[in-house]
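Please walk through this protein with me, starting from its open spaces and moving on to its side-chain contacts.

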Amino acid sequence: MAEQHLRGGIRFAAGVFLISAGMQAMAHYQFYVAGIGVDDRRRAVMEAMQNYVLVPRLGTTMWTLHCMFSLSFAIFLILAGTAYWWMAKDMPAQKLRPLATASAGLCLTACLLVALAYPVVQTVLILLLAGLGFVWAAWRGRGAATGRG
């Protein structure tokens with residue numbers, strides 16, 4: 001039973017990452033590609049960012065950088081979700097628990113830092129939910145590495 005909780009908690013965290021990746025990709029398309037719901041104030045900010053050139057040789061603007069971070073966030077969520085899903089499926093239980101413990105610490109610490117420094121609700125919730133999934137996996141999967149439970 002402990003191994004089921006261990007793998008289930010990691011799959012939950014992986015699911016949080018994958019569902020969030022889909023949401024981020026859709027938001028990226030809506031706000032940066034299609035321009036849906038762009039009012040005058042937002043258009044003015046977009047134009048100002050498009051006119052602020054960071055790397056003239058490449059034509060990189062502040063807007064390009066902003067869009068790149070949005071798309072990169074979705075890609076990294078896909079990578080993390082996929083990697084954790086495969087690890088939960090195939091990795092030996094003895095190695096999963098330390099992974100879950102380390103991942104819980106990283107996600108929850110990052111959640112706190114993001115909440116304090118850059119309080120964007122979406123990112124805070126992604127890190128919090130994934131961190132709680134990892135906590136569940138590490139705590140409830142205590143006996144999986146030894147074959148107990």
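Which helix gives the largest share of the lining of the largest pocket? H3 does, with 7 residues. Before going further, some ground rules. This is a predicted model, in which local features need pLDDT of at least 70, side-chain atom pairs count only at pLDDT 80 or more, and totals for chains, interfaces and linings use all residues. Residues are numbered from 1 along each chain as its sequence is written, and side-chain values use heavy atoms, with hydrogens and water left out.

Now the pocket itself. Rolling a probe the size of a water molecule over the atoms shows where empty space is left. The search runs on a 1 Å grid over the protein atoms alone. A pocket is an open set of points where a 1.4 Å probe fits, with protein on both sides within 12 Å along at least five of seven lines. A lining residue has an atom within 4 Å of a point. Points are joined across faces, edges and corners, and a volume is the space filled by probe spheres set on them.

The largest pocket holds about 440 Å³ of space. It is lined by 18 residues, and the closest to its centre are Gln24, Phe69, Ser70, Phe73 and Thr123. Three helices each supply at least two lining residues: H1 (2-33), H3 (62-90) and H5 (121-140). Helices here are DSSP runs (H or I, at least four residues), numbered from the N terminus. The lining has 11 nonpolar, 7 polar and no charged residues. In this scheme Ala, Val, Leu, Ile, Met, Phe, Trp, Tyr, Cys and Pro count as nonpolar, Asp, Glu, Lys and Arg as charged, and the others, Gly among them, as polar.

Turn to the second largest pocket. It has about 220 Å³ of space. Its lining includes Phe17, Phe73, Phe76, Tyr84, Cys107 and Thr123. Here H3, H4 (93-117) and H5 each supply at least two residues. H3 again gives the largest share, with 5 residues. By class, the lining divides into 11 nonpolar, 1 polar and no charged residues.

Where do the charges pair? Side chains of opposite charge can pair when their charged atoms come close. A salt bridge is a side-chain nitrogen of Lys or Arg within 4 Å of a carboxyl oxygen of Asp or Glu. The whole structure has 2 of them. One joins Glu3 and Arg7, at 2.9 Å from N to O. Both residues sit in H1, 4 residues apart, about one turn of the helix. Glu3 is partly exposed, with a relative accessible area of 36%. Arg7 is buried, at 13%. For these labels, buried means under 20% relative accessible area, exposed over 50%, and partly exposed in between (1.4 Å probe, protein chains only). Lys89 and Asp90 form a salt bridge too, their closest N and O atoms being 3.4 Å apart. Both Lys89 and Asp90 are exposed.

Next, the cysteines. How many disulfides are there? The count is 0, where a disulfide is a pair of cysteine sulfur atoms within 2.5 Å. Cys107 is buried, with a relative accessible area of 8%, and Cys111 is buried at 9%. Cys111 lies in H4.

The aromatic rings come next. Rings of Phe, Tyr and Trp (its six-membered ring) pair if their centres lie within 6.5 Å. The structure holds 5 such pairs. Phe17, Tyr84 and Phe134 form one aromatic cluster.

Finally, two residues with wider separations. Leu108 is in H4 and is partly exposed, at 31%. From Leu108 to Leu79 the distance is 19 Å, C-alpha to C-alpha, across 29 residues of sequence. Gln30 is in H1 and is partly exposed, at 32%. The C-alpha atoms of Gln30 and Thr60 are separated by 21 Å, with the two residues 30 apart along the chain.

Definitions and conventions. Rings of Phe, Tyr and Trp (its six-membered ring) pair if their centres lie within 6.5 Å; planes under 30 degrees apart count as stacked, over 60 as edge-to-face and the rest as tilted.
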